[in-house]
Amino acid sequence: MKVYVGVTGGNWYRFLSARPSLTEVNFWRPSSSREFRALDHGEPFFLKTPHSHNHVVGGGFFSGFAPLRDSEAWEFAKFARGGQTLEFDLVEEAAHPEAGRR
């Protein structure tokens with residue numbers, strides 16, 4: 001079994017942790033043409049904040065990868081992407097490039 005640790009921004013995990021009714025989240029890489037192959041379906045996926053905070057803040061089990069444009073991913077996942085709007089998500093991405101992406 002493999003495990004993957006993805007780096008994410010603090011605003012993303014705070015936004016989602018304030019919504020305990022969400023049962024699924026979307027860890028995304030905008031406009032990425034590379035398929036995510038680090039895990040197989042059902043393997044653990046953990047999320048940590050960048051080096052300035054450097055804490056594991058969540059986790060789950062990988063269910064799959066789909067190459068989507070930003071707007072398509074927003075329509076698919078909405079708040080599970082971690083922001084109130086697509087524009088919010090894109091601003092967060094630009095502000096925190098060190099987070100790799102969600």
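## Close-up views of a predicted chain

Of the contacts in the chain with a separation of 6 or more, 57% link residues 24 or more positions apart; contact here means heavy atoms within 4.5 Å. This is a predicted model, in which local features need pLDDT of at least 70 and side-chain atom pairs count only at pLDDT 80 or more, while totals for chains, interfaces and linings use all residues. Residues are numbered from 1 along each chain as its sequence is written, and side-chain values use heavy atoms, with hydrogens and water left out.

**View 1. The whole chain holds three helices and three strands.** Helices (H or I, at least four residues) and strands (E, at least two) are DSSP runs, numbered from the N terminus. Of the 102 residues, 33% are buried; buried means under 20% relative accessible area, exposed over 50%, and partly exposed in between (1.4 Å probe, protein chains only).

**View 2. Three strands form an open sheet in the order β1-β2-β3, with mixed pairing.** At its edges lie β1 (4-7) and β3 (56-61), each pairing on one side only. From one strand to the next, the twist averages 25 degrees; axes are lines fitted to C-alpha atoms, and angles run from 0 to 180 degrees between N-to-C directions. Strand β2 (residues 44-48) runs antiparallel to β3 and is joined to it by five bridges, where two strands pair if DSSP finds at least two bridges between them. Look for Phe46, which stands opposite Gly59 in β3.

**View 3. Asn54 sits in the loop between β2 and β3.** Its phi is near 55 degrees, a positive value in a residue other than glycine. Asn54 is partly exposed, with a relative accessible area of 45%.

**View 4. Helix α1 (residues 10-17) has Gly10, Trp12, Phe15 and Leu16 as its buried residues.** Part of what covers these buried residues is β2.

**View 5. The largest nonpolar core has eight residues: Trp12, Phe15, Leu16, Phe36, Leu39, Phe45, Leu47 and Phe62.** Such a core is a set of buried Ala, Val, Leu, Ile, Met, Phe, Trp, Tyr and Cys residues joined through side-chain atoms within 4.5 Å. Two or more residues of this core come from each of α1 and β2, and α1 gives the most, with three residues.

**View 6. Which residues is Leu47 in contact with, leaving aside its neighbours within four places in sequence?** They are Gly6, Thr8, Trp12, Phe27, His55, Val56, Val57 and Gly58.
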